[in-house]
Amino acid sequence: MITVLRQRAFRRLWLSHTASAAATGLMPTALILAVLDRHDGFTALGLVLGARTLGFLLGALPAGVIADRYPRAKTLACSSLLRAAGTAAVALLLDLPTIALCAAVFLAGAGEGVFRSAYQALVGELVAEEHRHSANAATTLSLRICLVAGPTIAVMAHSSLGATASLLIAAGLWLVSAVLPDRRGAAPQDTGRTNAFVDFGEGLREARKHRWFLAGLVALVVWLALGEAAKYLMLPIIGQERFGGDWLIGAALGAYSFGAAGGAVLMSRWRPRRPGVPAMIMLGSYGLVPLALAFAHHSWIIIACCAIGGAGIEIFNIPWFTAIQREVPQHLQARISALDFLVSYGMSPLGLALLPAAIDAAGGTLVLTVCGVVVIVAALLTLLVPGMATFTDPRQPDPAKHTLAAATA
């Protein structure tokens with residue numbers, strides 16, 4: 001990671017991402033605390049948080065086309081400016097009707113959807129292939145640290161400086177994120193297209209070429225819709241009923257974050273020859289979390305399983321992002337990343353919506369058991385897909401070799 005951070009263009013990009021990650025860590029807690037201070041705070045909270053999620057999903061939809069069509073560094077800067085404006089507007093409009101807050105939060109969420117796709121593609125553009133694994137590890141490590149520290153800073157700022165202070169701090173961090181990327185020499189990525197629908201369709205056709213990508217996307221959907229959703233729904237209930245308090249929530253989520261940071265450090269130094277094997281095994285290990293919630297009568301088992309699950313998602317994420325940057329042609333990478341975020345995170349609310357009814361009908365233990373087993377089996381079954389073990393598709397030529405051959409011709 002130190003080697004790749006010596007490269008000026010990536011270092012500025014990474015600092016921009018780190019400032020953005022710090023603001024992202026602050027934002028949810030700051031938003032919840034600020035909205036709850038209103039007289040109708042509890043009623044408005046669900047609408048405001050829903051607007052943020054909707055903004056992210058609708059922002060992610062065109063994000064790939066935008067970042068593949070226009071200079072990515074400028075796209076990144078504009079997305080951070082959009083989030084800064086939306087967050088500052090929330091702070092300034094806090095006493096206005098809820099619809100105004102929802103509109104401002106929607107803008108901030110849309111900016112986040114664009115930022116993620118542009119950033120992943122820009123790493124592939126600026127960093128040589130041999131350093132991308134380390135670049136993705138550095139990205140993940142800074143993100144996890146910021147996500148751990150962000151809520152604490154938001155609570156401290158709210159209690160000592162007032163309801164809008166942490167929101168304004170987040171807006172300021174996004175302004176910093178906007179000015180940091182090096183935009184010199186940036187050029188449009190794909191000027192031959194004029195129809196956004198055609199561009200998006202081209203991204204879909206590219207995704208269908210990579211069987212490992214489609215299989216991994218299915219496993220991610222299962223991970224989010226069943227594993228993550230089950231954890232967030234049942235962790236407070238299990239903590240109250242089985243362990244007599246809410247302390248388990250903080251301990252389990254903290255263990256998850258520290259496990260993820262540890263996974264990022266491990267992957268910064270470890271480059272397995274067949275990265276898909278440990279990636280899918282560790283992604284499936286998240287199934288231990290709902291299983292522990294179903295059966296564990298010692299809190300440390302649940303906490304340990306959350307730590308393993310956190311490490312597992314980063315042992316998956318880092319080679320996964322690196323593979324997209326390696327296997328997908330440069331001018332299509334933002335579209336593939338956008339599809340990744342859109343499909344996987346778009347399915348997460350489905351699990352949150354359907355699991356409560358299933359738990360009421362069949363009981364928590366049965367539903368948690370099914371969720372855990374399905375998460376494990378879905379991840380392991382992907383290893384039967386050709387090319388999954390190496391995150392390469394044996395039917396496809398190496399994009400780097402293809403580009404070199406075309407240039408030579």
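User: Which residues does Ala311 touch, not counting residues up to four places away in sequence?
Analyst: Gly259, Ala260 and Gly263. Keep in mind that this is a predicted model.

User: Where does Ala311 lie, and is it buried or exposed?
Analyst: Ala311 sits in helix α13, residues 299-327. Its relative accessible area is 16%, so it counts as buried, the cut-off being under 20%.

User: How far apart are Ala311 and Ile376?
Analyst: In space, 15 Å from C-alpha to C-alpha. In sequence, 65 residues.

User: Switching to α14. What span should it have?
Analyst: Helix α14 covers residues 333-362, which is 30 residues. At 1.5 Å a residue, that should span 44 Å. The end C-alpha atoms are 42 Å apart, which agrees.

User: Where is the kink in α14?
Analyst: At Leu354, shortly before the proline Pro356. The kink is about 30 degrees.

User: What follows α14?
Analyst: Gly363. Its phi is positive, near 95 degrees.

User: Now the surface. Which residues form the nonpolar patch?
Analyst: Val373, Val377, Leu381 and Leu384. Together they have about 370 Å² of accessible area.

User: Which helix holds Val373?
Analyst: Helix α15, residues 364-381.

User: Why does Val373 count as partly exposed?
Analyst: Because its relative accessibility is 40%. Partly exposed runs between the buried limit of 20% and the exposed limit of 50%.

User: In an α-helix, which residues point the same way?
Analyst: Those three or four places apart, because there are 3.6 residues a turn.

Notes. Residues are numbered from 1 along each chain as its sequence is written. This is a predicted model: local features need pLDDT of at least 70, side-chain atom pairs count only at pLDDT 80 or more; totals for chains, interfaces and linings use all residues. Side-chain values use heavy atoms; hydrogens and water are left out. Patches are made of residues with over 30% relative accessible area and no salt bridge: like charges are joined within 9 Å, nonpolar side chains (Val, Leu, Ile, Met, Phe, Trp, Tyr) within 5 Å. Accessible areas come from the Shrake-Rupley method with a 1.4 Å probe; for residues, only the protein chains shown count as cover. A salt bridge is a side-chain nitrogen of Lys or Arg within 4 Å of a carboxyl oxygen of Asp or Glu. Helices (H or I, at least four residues) and strands (E, at least two) are DSSP runs, numbered from the N terminus. Buried means under 20% relative accessible area, exposed over 50%, partly exposed in between (1.4 Å probe, protein chains only). The expected span of a helix is 1.5 Å times one less than its number of residues. The bend at a residue is the angle between axes fitted to the seven residues ending there and the seven starting there. Contact means heavy atoms within 4.5 Å.
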